[in-house]
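This report concerns the side-chain packing and side-chain contacts of one protein model. Please keep the sequence and the structure in view while reading.

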Amino acid sequence: MRLITLTWNRENDIVSNCFSEKDEGLKKFGRVLVPEMERRGIVIDLAHASDRGFFDVCDIMNKPCVVSHANSRKLFRCERNITDEMYMRISQLHGCVGVTFEPLFGAGSLEDIVRHVEHFCALDEKCVGIGSDFDGISHLPEGICGARSIYDIANRLLRLNYSEKTVAGVMCENFMRVFKEILQKGIA
């Protein structure tokens, strides 16, 4: 087991999720589990976590964590998207956020996906990646026809004058950096 998403769309004993009626943040069991996961070299995924839960986890982290699939809440208001403050907290931990292709989260088209990538790049280009969520999205955004469309996103970013290094980071290297750092350290 190398990555654990702490919650999904239902309440659990680890952390409140983004749809919780009462945001309790990181719960008692989570305060034991998260440090142990970090010690064991398990990547902690904060996708679906509540706002309070997100910051509670970040406050006790010593290693990078990720948000595997979310978009910018500034561009599209949705509980599942993250704020600029959340993005910068992931950046401070040297983690990564994967832009999702879920139309319900503001990714109705390839151009929308690129807008979310650009927004995050403007905050910190070393912290953004692709988190398509092909196995969980409601339907494909306009201009996305499957995994091969990843190249269309890369080409669009290159046409917008992003460097090859930045585009390579967004396409895979930013997430790879996080995984290598966590997995190389293993159990402390």
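The model is a predicted one, in which local features need pLDDT of at least 70 and side-chain atom pairs count only at pLDDT 80 or more, whereas totals for chains, interfaces and linings use all residues. Residues are numbered from 1 along each chain as its sequence is written, and side-chain values use heavy atoms, with hydrogens and water left out.

**Helix α5**

In helix α5, which covers residues 150–159, the buried residues include Ile 150, Ile 153, Ala 154 and Leu 157; buried here means under 20% relative accessible area, exposed over 50%, and partly exposed in between, with a 1.4 Å probe and protein chains only. Viewed down the axis of α5, its buried residues fall within an arc of 100°, so they line one face of the helix, the arc being that of the directions from the helix axis to the C-beta atoms. Tyr 151 and Arg 159, on the other side of α5, are exposed. Just after α5, Asn 161 adopts a positive phi of about 75°.

**The cavity**

How many cavities of 30 Å³ or more does a search of the whole structure find? The search finds 1, and the largest cavity has a volume of about 60 Å³. On a 1 Å grid over the protein atoms alone, a cavity is a set of points where a 1.4 Å probe fits but cannot get out, and lining residues have an atom within 4 Å of a point. Grid points are joined across faces, edges and corners, and the volume is the space filled by probe spheres set on the points. Among the lining residues of the largest cavity are Cys 18, His 48, Phe 54, Glu 79, Arg 80 and Met 86. The lining divides into 8 nonpolar, 2 polar and 2 charged residues.

**Aromatic pairs**

Rings of Phe, Tyr and Trp (its six-membered ring) pair if their centres lie within 6.5 Å, with planes under 30 degrees apart counted as stacked, over 60 as edge-to-face and the rest as tilted; by this rule there are 4 aromatic pairs. The rings of Phe 54 and Phe 55 have centres 5.1 Å apart and planes at 80°, so this pair is edge-to-face. Phe 54, which also belongs to the cavity lining, is buried at a relative accessible area of 1%, while Phe 55 is partly exposed at 22%. In contrast, the rings of Phe 175 and Phe 179, with centres 5.8 Å apart and planes at 20°, are stacked. Both residues lie in helix α6 (residues 164–185), 4 residues apart, about one turn of the helix. Phe 175 is buried at 11%, and Phe 179 is partly exposed at 24%.

**Salt bridges**

With a salt bridge taken as a side-chain nitrogen of Lys or Arg within 4 Å of a carboxyl oxygen of Asp or Glu, the count comes to 10. The table gives some of them.

| Salt bridge | N to O distance |
|---|---|
| Asp 84 and Lys 74 | 3.9 Å |
| Glu 111 and Arg 156 | 2.9 Å |
| Asp 112 and Arg 115 | 3.5 Å |

The pair of Glu 111 in helix α4 (residues 110–124) and Arg 156 in helix α5 links distant parts of the chain, 45 residues apart. Glu 111 is partly exposed at 38% relative accessible area, and Arg 156 is partly exposed at 22%. Asp 112 and Arg 115, by contrast, are 3 residues apart in helix α4, about one helical turn.

Terms used
Helix = DSSP H or I, 4+ residues; strand = E, 2+ residues; numbered from the N terminus. 1 Å grid on protein atoms, 1.4 Å probe; cavity = no way out; pocket = protein on both sides within 12 Å on 5 of 7 lines; lining within 4 Å. Nonpolar A, V, L, I, M, F, W, Y, C, P; charged D, E, K, R; others polar.
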